[in-house]
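Visitor: I would like to go through this model with you, one question at a time. Could we begin once it is on display?

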Amino acid sequence: MDIIRVKNYQTMSEKACGYLVDKIQAAQKPVLGLATGSTPEGLYKQLIEKYQEGAVSFKDVSTFNLDEYVGLERKDPNSYHYYMNEKLFKHVDLSIENVHLPNGAAGDLQQECRDYEASIKQAGDVDVQILGLGLNGHIGFNEPGTPFSSRTHVVDLDESTREANARFFESKADVPTQAITMGIESIMESKEIVLLVSGAKKAEALARLINGEISEDFPASVLKQHPQVTIIADEEACVHIREHVHS
Ligand SMILES: O=P(O)(O)OC[C@H]1O[C@](O)(CO)[C@@H](O)[C@@H]1O
């Protein structure tokens, strides 16, 4: 894992944007793995700016999102479909047929998980996967205890995750109790992974990732087994990390 330490949220977003733009320009048919939550919002803003400046095009890009809430229709303002559309998709020249998120409103959720896996494989796997870091170490919606061998699956959300995400809903009671998420093994099959970490509230989780052991109790720790992970973290998130890390 390489860690790039940056000053703040803005510079984290700019760095991640530059990284993705380079990858998009280098590949014929780039496949991006995208995340939701607060962390990548700045990255998406930067990508839109670059697109508007004519510095990048998404017309040959395919995207796969990590997760979606169970029970929310695509048009629901709290769905990740809606989030992605508002924050990125509708502002750039991505083809709608190249955009993929799990369908949390599918009648047969198990079949939906299998189909999602198949479409990632059909696209030739994710080239660069963007990840955020949950306070409890979750990646996607893979909560502590999720087997490292998990594929795309339906998950019961931790109370702590529902609390953390309640800020996007009217109340915690409105936060769905389940989600579909790419599994840990599915995420690990991405050719490259970029983990974005910002803010003091993530500092403990980042320190545990860097200094702690690899364990299913802390899902992000699996990233230490991936050959090509770059962490872009800001000063506040790095307060418990003393040295430059290269492992
Ligand atoms: O970026 P945030 O909002 O801190 O969330 C961290 C992670 O938690 C999730 O929002 C899921 O709870 C992920 O999508 C995200 O990567």
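Visitor: Which residue in β8 stands opposite D67?

Guide: This is a predicted model, in which local features need pLDDT of at least 70, side-chain atom pairs count only at pLDDT 80 or more, and totals for chains, interfaces and linings use all residues. Residues are numbered from 1 along each chain as its sequence is written. Strands (E, at least two residues) and helices (H or I, at least four) are DSSP runs numbered from the N terminus, and two strands pair if DSSP finds at least two bridges between them. Strand β4 (residues 67-69) is joined to β8 (residues 178-181) by three bridges in an antiparallel arrangement, and the β8 residue opposite D67 is T181.

Visitor: How far apart are the end C-alpha atoms of helix α2?

Guide: Helix α2 covers residues 41-52, which is 12 residues. The expected span is 1.5 Å times one less than the number of residues, so α2 should span 16 Å, and this agrees with the distance between its end C-alpha atoms, 17 Å.

Visitor: Against which elements do the buried residues of α2 pack?

Guide: A residue is buried if 20 or more other C-beta atoms, placed from the backbone, lie within 10 Å of its own, and in α2 the buried residues are G42, L43, Y44, Q46 and L47. These buried residues pack against α1 (9-26), α3 (80-87) and β9 (192-197), where contact requires C-beta atoms within 7 Å.

Definitions and conventions
Buried ≥ 20, exposed ≤ 12 C-beta atoms within 10 Å, placed from the backbone. Contact = placed C-beta atoms within 7 Å.
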